[in-house]
Amino acid sequence: MEQARIRPGIKVLAAKRWSSEYGSLIRRRSMAAAVFLVLATEVLCLVLYKAGLNDYELPYQHTAAMPRRAANQPRLRTTVSTGATQPTTFSPPLGVEFNSQILESGNQEKSPKTTEDAAPTTNARPYAPSNPQKANVEDELSRLLRRTSMESQTVILTTINEAWAKPNSTFDLMLKSFQGGYNTSWLLKHLVVIAFDRKAYKWCKKLHNHCYFLKSQATNFSGEAFFMSPNYLEMVWRKIDFLGKVLQLGYNFVFTDADIMWFRDPFPQFHSDADIQVACDIFNGNSLDVNNLSNTGLQYAISNNRTIQFYKFWYDSRKKYSGIHDQDAFDKIKNDSFVKDIGLKMRFLDTAYFGGFCELSKDLNKVCTVHANCCLGLNNKLHDLNVLLGDWKRYMLLSPSQNTSNLPHWTVPQKCHI
C-alpha cells in the first residue's frame with residue numbers, strides 16, 4: 001500500500017516539473033516571436049517609407065538635400081515599365097518649367113510654372129520646346145508688328161547700331177525728316193526700329209515708341225561697321241534673314257536704311273502689281289528691267305509664298321557667294337531662273353521719286369525719299385544729310401505758288417563720293 005501511494009506522488013511531481021519547463025519554453029518562444037515581429041514591423045515601415053508609399057517620416061532622416069514635404073503637396077512618383085515605384089527625386093519634375101528670369105535673379109521663393117497636373121505616364125519625358133527662346137522672341141516680334149502695322153498689314157522697318165544711334169546721328173536725322181516731311185509724320189507710328197546692340201536699343205527707346213532688339217550672341221554689332229568689314233557683312237545678312245521672318249509672319253514691309261530721308265508719303269508711287277520693289281542707284285527708265293543698278297537700301301515687299309521663297313533664296317545665297325554683301329548677292333540672283341520659276345514679280349523704283357546722292361531727284365515737288373548712297377564714311381554722310389535737310393526746310397517755307405516756280409535746288413552732295 002505504501003509503495004502504491006509513493007508512485008502516484010512521483011508522477012504528480014514529474015508532471016509539475018514538465019509543466020514548468022514547457023511553460024518556460026513557451027514564454028521564451030513568445031518573447032522571441034514578439035521581438036521578431038517588432039523588428040519586422042520597423043523594417044517594413046522603413047521599406048515603405050523609402051518606396052514613398054505612405055506618409056511615415058523619420059525626422060532624423062531629413063537633411064538640406066531632402067526637404068520635408070508640405071502637408072498639401074502631392075508626392076511625385078514616376079512609374080517605370082517594371083511596375084515598381086521609384087523614390088521621389090528633387091530635380092524639376094515632369095510637366096514643370098522653371099522661369100529662367102527667376103533663376104537669374106536668385107529669387108528662390110517663387111514657384112515653378114506647372115504646365116500639366118496629370119500624373120506622368122510610362123517612359124514619359126519632360127516637355128521642352130525645340131527652341132523656347134526663339135518662340136518667345138517671335139511672340140514678342142508678332143505683338144510689335146501687330147501693334148504697328150497699317151490696315152494693309154504693312155510696317156516700315158529700319159536698322160541701327162550704336163554708331164548710328166546717338167545725338168545728331170543718321171537715325172536722329174531720319175526721324176527729323178519724317179517729322180518735317182510733307183504728310184509723313186503719321187508714318188512714324190508704323191515705323192519699327194531694329195537695334196543690333198543694347199545701346200542702340202536704349203537710345204531708340206528715348207526717341208521712338210517702337211523698337212526691337214535683335215539679339216546676337218556671336219557678334220558684337222556696336223561701333224561703326226565699315227563697308228565690307230566682317231561686322232558689316234554679318235549685319236546686312238542678319239537683316240535679310242530678319243526680313244524673311246517678317247514676311248513669314250504675314251506682314252508686308254517697306255525697309256529703309258537709316259540714312260534715307262523721308263520727305264513725302266511713298267505709297268502712292270509704289271507699283272500695285274509687284275511682289276517686291278527695289279530702289280536704284282541709277283534708274284534706266286524701265287521699272288521692269290533687271291539691269292537697273294538696284295539699291296536694296298529701300299525695298300517694298302508683299303507677304304506671299306513667292307516673296308517668302310525669294311528672301312530665303314536670297315539669304316541662302318550668302319553661302320554660294322561668300323564674302324559679298326546682300327546688295328551684290330541680290331544683283332546676282334535677281335535674274336536667276338529660280339525667280340522666274342516661282343513667278344516673282346519685281347519692279348525697280350524711279351529715282352525721280354526715290355533718289356539719292358548717286359542720282360538725285362531734280363523735282364522737289366515729286367521727291368519722296370533721298371538716300372545718302374554713293375557715300376563712304378559716317379561723318380561725310382552726316383554732313384551732307386544735314387545740308388540736305390536744310391535744303392528741304394527752305395523748300396517747305398515756300399508758299400504753294402512759289403513751289404511751282406523758282407524752286408530751290410539741292411546743294412548736295414558736298415563731301416559724299418565713291
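Lys 245 and Asp 241 lie four residues apart in helix 6 (residues 230–248), which means that about one helical turn separates them. Helices (H or I, at least four residues) and strands (E, at least two) are DSSP runs numbered from the N terminus. The side chains of Lys 245 and Asp 241 form a salt bridge (3.0 Å, N to O), a term for a side-chain nitrogen of Lys or Arg within 4 Å of a carboxyl oxygen of Asp or Glu. Lys 245 is partly exposed at 28% relative accessible area, and Asp 241 is partly exposed at 27%. Buried denotes under 20% relative accessible area, exposed over 50%, and partly exposed in between (1.4 Å probe, protein chains only).

The model is predicted: local features need pLDDT of at least 70 and side-chain atom pairs pLDDT 80 or more, while totals for chains, interfaces and linings use all residues. Residues are numbered from 1 along each chain as its sequence is written, and side-chain values use heavy atoms, without hydrogens and water.

The structure holds nine salt bridges. One of them joins the side chains of Asp 275 and Arg 306 (2.9 Å, N to O). Asp 275 is in the loop between strand 7 and strand 8 (276–282) and Arg 306 is in helix 7 (residues 305–320), so the pair ties together parts 31 residues apart in sequence. Asp 275 is buried at 4% relative accessibility, whereas Arg 306 is partly exposed at 30%. A salt bridge also links the side chains of Lys 334 and Asp 331 (3.5 Å, N to O). Here Lys 334 is buried, at 9% relative accessibility, and Asp 331 is partly exposed, at 29%.
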